[in-house]
Amino acid sequence: MGQTIAQKIIKEHLLSGEMVPGSEIGLRIDQTLTQDATGTMAYLEFESMGVPRVRTERSVAYIDHNTLQSGFMNADDHRYIQTVAAKHGIYYSRPGNGICHQVHYERFGVPGKTLIGSDSHTPTGGGLGMLAMGAGGMDVAVAMGGGAYYIPMPGMIKVELKGRLGAGVSAKDVILDVLRQLSVKGGVGYIVEYAGEGVGTLSVPERCTITNMGAELGATTSIFPSDEVTRDFLRAQDRESDWKPLSSDEDAVYDKVISVDLSALKPLAACPHSPDNVKPVSDLSDIKVDQVCIGSCTNSSLADMLKAASMLRGRKIADSVSLSVSPGSRQVFSMLAECGALTDLIDAGARVLECACGPCIGMGFSPSSAGVSLRTFNRNFLGRSGTKDGQVYLVSPETAVASALTGYITDPSTSDAKADASVYDVPDKFRINDSGIIAPLDEEAAKTAEVIKGPNIKSFPDTHPLGDEIDTEVLLKVEDNITTDHIMPAGSKILPYRSNIPHLSQYCFEVVDPEFPERAKAAGSGIIVGGQNYGQGSSREHAALVPLYLGIKAVVAKSFARIHAANLVNAGILPLEFENEADYDKIGQGDSVSMHSVHEGLKADRIVMTVKKADGTSCDIPLRMELADRQKEMLLAGGLLKYTAKK
């Protein structure tokens, strides 16, 4: 039986386990990346392991989230990351050098290599033919120390691409169509692999747009073949020696197959407040637009920027619209300036922001109250923009520009402003300037190098071995599709404290229930009850570490997002699923719960939870778990770090 691209890479990197879907496998990791919102905690965890140098082929620390530097907190974190990177063999990408995923596929990504990053959009590298996966910071720390990265062996979904994209239609519309077909939980437990004649018509930046937003499917990752298009891109980056061909076998077997006819595709938009709430742009033409944002790790490539600039050339945005443009990297920014496209953007009325995540994570440029914001980003979760009632639509750069010009959501295929195809093809040569990347010290100099920690950097919260008895209460009950943004919000008010768990705790579940933190502190311990796909979205481990600090012992849900479930176990919190989803309705916030013989339950993959109501009635609810033996040992040890130290 033939193999898929992903299966070939997994086989080459397999350290433990068998390639049987659902069973745990351990992978050798070639590359890691962190960003500053998650990186500080990841490097504190790495330091705690006592490993002097990273043992990966390449590890890179990016500063792209907390670039605002209001007050000392962000600057202190950046200084810590730079000094710890220099000492331990990690490359450091300065603030302003660009968004981690954009810079990584430009300058570091290698087809056929494994990459994990403490950011859920690390699968962007799949557009280059990498097996690139988002992970928790603790998993990244262990991989940097030479440890394996463990995942359930994924199944395989094939997306057959047919034809060629028409005018006004882009790669963003491709992934929105896949989301429309599969939903935000349709990729859970799978790797999504793109194939078919249409693949060859897409550039590497277009492929990376698709694999980037594949994170919204809940998939382990997404991947494209490495072909002559990939080779041309790497040659233009002066990295042709990194290229290798990768393709699936003709007789490779997939668990699911869907198709997208690129020729028939129309411009699409994800409507508030979910990436899979997808509708044709033409159906939304009566919606007035207040704000437009172009950028993010999904759509900030040179090609995306040149498309926008060519559509805006000689035109002016509507008086009612505020437009921001965030180039994805220093390379993109400098090439825009060099060719004059930057002038086109500025003259049209755009505000040019730093090469950083910015508005995508609520770091400035939030919309007005109930304002309609069209964004080329990957997530439109409630409140993520920084405005709780902001109405965020996810669109392509072409739709964004067409709408900015009219002041209403506008189908770019019907707009007078057209992207000039002659200016946005991948160039024969990119402008190479790596001045924003600092190489680490050599091993001898690193021995005496100082790591500098500011006062905002607090210790990792203490974890405890899983007890055999849990007697506590339900501190919070939430609905389906709770995201890590719900659990631990981002934004300019909160992100500067990502290395300060005690301070962060006051914002936990702020969007859902502002009283939760004080209730949890008063109770001392408790559990959370959730619905389907609990913990989808960002890989931020703070969504597990802060509940840990607040005394959460277990989360009981209908189902979990993969990365968040792993982060809960890493933190020593027990993730449990209802055997019968109807039992979700039998339990309420404030109910008392008890679980006995928990250690025996771990062995049996089943625990019975007794629920006691305020009126004295009670019921037993059977719960199951999908944990590998290694994860059970981690829980008994008190989380990943204590387990690793014990080993």
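The structure holds 32 salt bridges; the model is a predicted one. Side chains of opposite charge can pair when their charged atoms come close.

**Exercise 1.** Find which parts of the chain the salt bridge between Arg207 and Asp227 ties together.

*Solution.* 
Step 1. In this salt bridge, the N to O distance between the two side chains is 2.9 Å.
Step 2. Arg207 belongs to helix α7 (residues 204–213), while Asp227 sits in the loop between β11 (221–223) and α8 (228–236).
Step 3. The pair therefore ties together parts that are 20 residues apart in sequence.
Step 4. Buried means under 20% relative accessible area. Arg207 has 0% relative accessibility, so Arg207 counts as buried.

**Exercise 2.** Locate Glu338 and Arg431 in the chain, then classify Glu338 and Arg431 by accessibility.

*Solution.* 
Step 1. A salt bridge joins the side chains of Glu338 and Arg431, at 3.3 Å from N to O.
Step 2. Glu338 is in helix α10 (residues 330–339), and Arg431 is in the loop between α12 (397–406) and β20 (437–438). These distant parts of the chain are linked by a pair 93 residues apart.
Step 3. Exposed means over 50% relative accessible area, and partly exposed lies between that and the 20% limit. With 56%, Glu338 is exposed. With 35%, Arg431 counts as partly exposed.

Conventions
Residues are numbered from 1 along each chain as its sequence is written. This is a predicted model: local features need pLDDT of at least 70, side-chain atom pairs count only at pLDDT 80 or more; totals for chains, interfaces and linings use all residues. Side-chain values use heavy atoms; hydrogens and water are left out. A salt bridge is a side-chain nitrogen of Lys or Arg within 4 Å of a carboxyl oxygen of Asp or Glu. Helices (H or I, at least four residues) and strands (E, at least two) are DSSP runs, numbered from the N terminus. Buried means under 20% relative accessible area, exposed over 50%, partly exposed in between (1.4 Å probe, protein chains only).
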